[in-house]
Amino acid sequence: MSSPCDPQRAPAGDVSAALMMIDSRLKAVYDGKTGTDPDQQALVEQFAASLGPEGVDDVLDGTCTLIYMFMQWLRMAYEDHDEDVIECVVPNFVASMRMMPRSVPPEVIPTMAGLLIAAGTGLSPNLWRQQYGDWTEEELTPLEATALLLAEHINRLTDDHDFATRLITKALSDSDDG
């Protein structure tokens with residue numbers, strides 16, 4: 001019996017745009033720019049405004065697809081070492097989010113942890129979240145932070161600042177070829 005949250009039922013969204021945003025944030029973090037850059041924030045807001053409502057929804061779906069793909073890669077990596085992805089990723093993720101109170105309100109952390117657990121158990125994070133209604137404004141930055149923290153986790157595991165981005169870029173390229 002298939003789940004209503006089966007990833008095959010989920011829209012992939014605009015994975016390229018979501019990846020571009022996450023990669024840009026990662027590069028800023030690696031360059032030591034952890035504060036909000038007003039110029040970059042203005043560009044992100046201008047980009048979001050140019051997308052319109054459907055485009056924004058596509059980027060949200062794309063971000064959830066990134067979260068799913070990152071968690072599937074992490075699941076396989078941890079299983080190779082006889083470890084559980086939920087046990088290894090979620091507690092550190094929650095601790096990291098708790099250290100980001102200006103970007104991540106505490107009441108949103110359980111939803112973001114739920115997205116990881118859904119993705120780590122093979123469910124679509126966007127379909128899992130959809131059960132609870134529309135995305136709220138308070139969830140948008142934490143959603144981006146979730147994808148960013150997962151990408152950074154992968155990069156740290158592989159000791160390669162670009163690994164997570166290359167992982168997705170290769171998957172997108174392979175899907176275009178097939």
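I take contact to mean heavy atoms within 4.5 Å. By that criterion, among contacts in the protein chain between residues at least 6 apart in sequence, 74% join residues at least 24 apart.

**Basis.** I worked on a predicted model, in which local features need pLDDT of at least 70, side-chain atom pairs count only at pLDDT 80 or more, and totals for chains, interfaces and linings use all residues. Residues are numbered from 1 along each chain as its sequence is written, and side-chain values use heavy atoms, with hydrogens and water left out.

**Overall fold.** I looked up the secondary structure, taking helices (H or I, at least four residues) and strands (E, at least two) as DSSP runs numbered from the N terminus. The protein chain has seven helices and zero strands, in the order α-α-α-α-α-α-α.

**Surface and burial.** I defined buried as under 20% relative accessible area and exposed as over 50%, with a 1.4 Å probe and protein chains only. Of the 178 residues in the protein chain, 39% are buried. The chain exposes about 10,100 Å², and 53% of this comes from carbon and sulfur atoms; the areas are Shrake-Rupley values with a 1.4 Å probe.

**Core.** Of its 46 residues, Leu66, Phe70, Met71, Leu74, Val89, Leu116 and Leu150 touch the most other members. Helix α2 (38-79) is one of the helices that each supply at least two residues, and α2 gives the most, with 11 residues. Beyond its neighbours within four places in sequence, I find Leu66 in contact with Val15, Ala18, Leu19, Ile22 and Ile168.

**Helix α3.** I checked the length of α3: its 14 residues should span 20 Å at 1.5 Å a residue, and its end C-alpha atoms are 20 Å apart, which agrees. The expected span is 1.5 Å times one less than the number of residues. Its buried residues include Val85, Ile86, Val89 and Phe93. Down the axis of α3, the buried residues fall within an arc of 170°, so they line one face of the helix; the arc is taken over directions from the helix axis to the C-beta atoms. The face turned away from the buried side carries the exposed residues Glu87 and Arg98. At the start of α3, a side-chain oxygen of Asp84 comes to within 3.2 Å of the backbone nitrogen of Ile86.

**Glu139.** I located Glu139 in helix α6 and found this residue buried, at a relative accessible area of 6%. The side chain of Glu139 reaches the backbone nitrogen of Thr136 at 2.9 Å. Apart from neighbours within four places in sequence, Glu139 is in contact with Val108, Thr111, Met112, Arg129 and Asp134.

How values were computed:
A nonpolar core is a set of buried Ala, Val, Leu, Ile, Met, Phe, Trp, Tyr and Cys residues joined through side-chain atoms within 4.5 Å. A polar contact is a pair of N or O atoms within 3.5 Å; within protein, one must be able to donate a hydrogen and the other to accept it, and residues adjacent in sequence count only if both atoms are side-chain atoms.
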